[in-house]
Amino acid sequence: MSDAAALRLKEVKENIGKAEKDAERPNGSVTLIAVSKTFEASAIKPVLEAGQRVFGENRVQEAMGKWPGLREEFEGVELHLIGPLQSNKAKEAIQTFDVIHTVDRDKIAKALKAEMDKQGKTPKLFIQVNTGEEDQKAGIPPKEADAFIAKCRDEYGLEIEGLMCIPPVDEAPGMHFALLEKIAKRNDLEKLSMGMSSDYPIAVQHGATHVRVGSAVFGARDYSQ
C-alpha cells in the first residue's frame, strides 16, 4: 500500500509538471490537492510520508475525525473542504479547514463571515460555480456568478481567492473549465480549482491553479463501507 500510493503520487506530480510545460506555464504553478475523502488515516499516512501536504475532504465531520491526529504527526498540512457545506457546520468548517472551495449561496457566505469574525480565523475562500447548471449539484449558476462574487466582497466583506467547478460527467470538461476561467478573469480572480483524476491535465491547459485528485493517488474507493 505504502509503495503503491507513493508511486501513484509521483506519477500524478509528473503528469502535472508535463501539463504545465505543455501549457507553457511555470513549473509549480499548479497545486495538487490529494483528495482523501473516504480513506482512513492509515491510507493517508503513506502519502504524507511521501511528502504531500495539501489534502481535500468532502465532509466536515469526517475530516474532524481523522485529521487532528495526522496534523500532530505531520507538520505543514493544508486542508481543503471541497464538498458541499451546510450553514450549521460553518463553525466546525472554520475550525478545521485552511481553504473552503464551496461557497455558493448567501446563507453560507453569512455563516462563514460570522464564524470567521468570532474565531479570528480567515481560511481562503473559493466560490463554487455550477457550470453545467445541474439540478443535483451545488454551486451558483454562471449567470449569477458576477453578482454573487460582488456581494461576497462588498456586502459580506469576504476576500474571495478564486472559483471552483465540477463539470458534468457526460460532457467534455474543457468547455466548463474555459467558462470558469472566463468568469474568473472578468472578476479579477487568480485562482481556479478545477480538474480531477480523469481530466486534470486538461484543467491545467485552461489555467487551473488547484487540481483535486483522489483515486489517481489513493486508488479506487470503497463506497460500500
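Does Phe55 count as buried or exposed, and at what relative accessibility? In this predicted model, Phe55 counts as buried because its relative accessibility is 0%. Trp67 has a relative accessibility of 1%, so Trp67 counts as buried too.

Aromatic pairing was examined next. The count comes to 2 aromatic pairs. One of them joins Phe39 and Phe218. This pair is stacked, with 5.0 Å centre to centre and 25° between the planes. Distant parts of the chain are linked by the pair. Phe39 sits in the loop between β1 (31-35) and α2 (41-49). Phe218 belongs to helix α9 (residues 215-218).

Phe55 lies in strand β2 (residues 54-57), and Trp67 in helix α3 (residues 60-73). The pair links distant parts of the chain, 12 residues apart.

Helix α6 was considered separately. The helix covers residues 142-154 and has 13 residues. From first C-alpha to last, α6 reaches 19 Å. That is close to the 18 Å expected at 1.5 Å a residue. Buried residues of α6 are Pro142, Ala145, Phe148, Ile149 and Cys152.

Note on methods:
Residues numbered from 1 in each chain as written. Predicted model: local features only at pLDDT ≥ 70, side-chain atom pairs only at ≥ 80, totals over all residues. Heavy atoms only, no water. Helix = DSSP H or I, 4+ residues; strand = E, 2+ residues; numbered from the N terminus. Expected span 1.5 Å × (residues − 1). Buried < 20%, exposed > 50% of the residue type's maximum accessible area, 1.4 Å probe, protein only. Phe/Tyr/Trp six-rings, centres within 6.5 Å; stacked < 30°, edge-to-face > 60°.
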